[in-house]
Amino acid sequence: SYTYGTLISGMCKEGRVDDASKLFHEMRRRGLAQSAAVYNTVINGYCDKGELDVAFRYRDEMVRVGIKPTLRTYNLVVHALFMEGRNAEACALIKEMEEKGLVLDAVTYNILINGYCKEGNVKKAFKLFQEMLRKGVHPTKVTYTSLIYVLGKSSRVADADRMFKEAVEKGLVPDLVMYNALIDGHCADGNMERAFEILTEMEKKKIAPDEVTYNTLTRGLCLLGKVEEARCILDEMSRRGIKPD
RNA sequence: GCUCGUUA
């Protein structure tokens, strides 16, 4: 079962969801147990492909054969609905989770928070952030990255800096994605000096910038009309062996 | 073996 699970997961990551579902049916033919994890993998594959209807069919099927959807199943589906802008359905599922006594975890909150951040709904995002704190669910790097992102997009970079600091104070170790989100906020703000300061800071922490970091900086410089400096970024990238895209 | 975050 684990062998199949690993294979199915691998197929899905390659975007070969239909091959994955063939394997899924093959394992059934062989009489191997199909756990919630394997269902989740297949559901995730179809969610990524945007075929939510198929994903839902598998979820209904797992219920039918007596496998309880797990917190991850719900998180998966809530996330997919949110990405499609089907917020009402996502919220209905959250309600269903609460009714069933499932305890929302950090991932659930992160999905909701990020969903609202993507919509630029700062109020709602922070309302959920407060709620998770109130319920004793510890925010993660992902939570903070989403909040830093939305603050940057809302021209509230100073608040983004504060959130970053708060995350560090809570003992979270900032990673590349979190740094990139903060750098982007300052680039959007036109504060390239601060953006490069953060770059220096992350390198001091032995976190190597990636193409997202450089793309972000390039865009920031171009927005200010500093095309020559932007051109230097390209050289810096090749010097470091990062492929420009 | 399964879920969430950053640029374009």
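## Contacts with the RNA

A polar side-chain atom of Thr 41 sits 3.0 Å from a sugar or linking oxygen of RNA strand B. This is a polar contact, that is, a pair of N or O atoms within 3.5 Å; within protein, one atom must be able to donate a hydrogen and the other to accept it, and residues adjacent in sequence count only if both atoms are side-chain atoms. The model is predicted: local features need pLDDT of at least 70, side-chain atom pairs count only at pLDDT 80 or more, and totals for chains, interfaces and linings use all residues. Residues are numbered from 1 along each chain as its sequence is written, chains are lettered from A and ligands numbered from 1 in the order in which they are written, and side-chain values use heavy atoms, with hydrogens and water left out.

In Asn 180, a polar side-chain atom lies 2.8 Å from a base oxygen of RNA strand B. In Thr 216, an N or O atom of the side chain is 3.2 Å from a sugar or linking oxygen of RNA strand B. The elements giving two or more residues to the surface near RNA strand B are helix H1 (2-13), H3, helix H5 (71-83), H7, helix H9 (141-153), H11 and H13.

Sugar and phosphate make up 49% of the atoms of RNA strand B that come within 4 Å of the protein. A residue counts as near a molecule or strand if one of its heavy atoms lies within 4 Å of it.

H9 gives the largest share of this surface, six residues. By class, the surface has 12 nonpolar, 16 polar and seven charged residues. Here Ala, Val, Leu, Ile, Met, Phe, Trp, Tyr, Cys and Pro count as nonpolar, Asp, Glu, Lys and Arg as charged, and the others, Gly among them, as polar.

## The chain as a whole

Chain A has 14 helices and zero strands. Helices (H or I, at least four residues) and strands (E, at least two) are DSSP runs, numbered from the N terminus. The C-alpha trace of chain A spans about 60 × 40 × 30 Å along its principal axes.

Of its 245 residues, 46% count as buried. Buried means under 20% relative accessible area, exposed over 50%, and partly exposed in between (1.4 Å probe, protein chains only). Among contacts in chain A with a separation of 6 or more, 54% come from residues 24 or more positions apart. A contact means heavy atoms within 4.5 Å.

H7 has 13 residues and reaches 18 Å from its first C-alpha to its last, close to the 18 Å expected at 1.5 Å a residue. The expected span is 1.5 Å times one less than the number of residues. Because 10 of its 13 residues are buried, H7 is largely enclosed by the rest of the structure. Its buried residues pack against H5, helix H6 (87-99), helix H8 (122-134) and H9.

At the start of H7, a side-chain oxygen of Asp 105 comes to within 3.2 Å of the backbone nitrogen of Val 107. Gly 120 follows H7, with a positive phi near 75°. Asn 110 is in H7 and is buried, at 7% relative accessibility. A polar contact of 2.5 Å joins its side chain to that of Thr 143. Leaving out residues up to four places away in sequence, Asn 110 touches Met 132, Thr 140, Val 142 and Thr 143.

## Helix H13 and its neighbours

In H13, the buried residues are Thr 213, Tyr 214, Thr 216, Leu 217, Gly 220 and Leu 221. Seen down the axis of H13, they fall within an arc of 160°, so they line one face of the helix. The arc is that of the directions from the helix axis to the C-beta atoms. Their cover includes helix H11 (176-188), helix H12 (192-204) and helix H14 (227-239).

At the start of H13, a side-chain oxygen of Asp 210 reaches to within 3.1 Å of the backbone nitrogen of Val 212. Just after H13, Gly 225 takes a positive phi of about 80°. Glu 229 is in helix H14 and is partly exposed, at 42% relative accessibility.

## Gln 34 in a loop

Gln 34 lies in the loop between helix H2 (17-29) and helix H3 (36-48). Gln 34 is buried, at 14% relative accessible area. A polar atom of its side chain lies 2.8 Å from the backbone oxygen of Phe 24.
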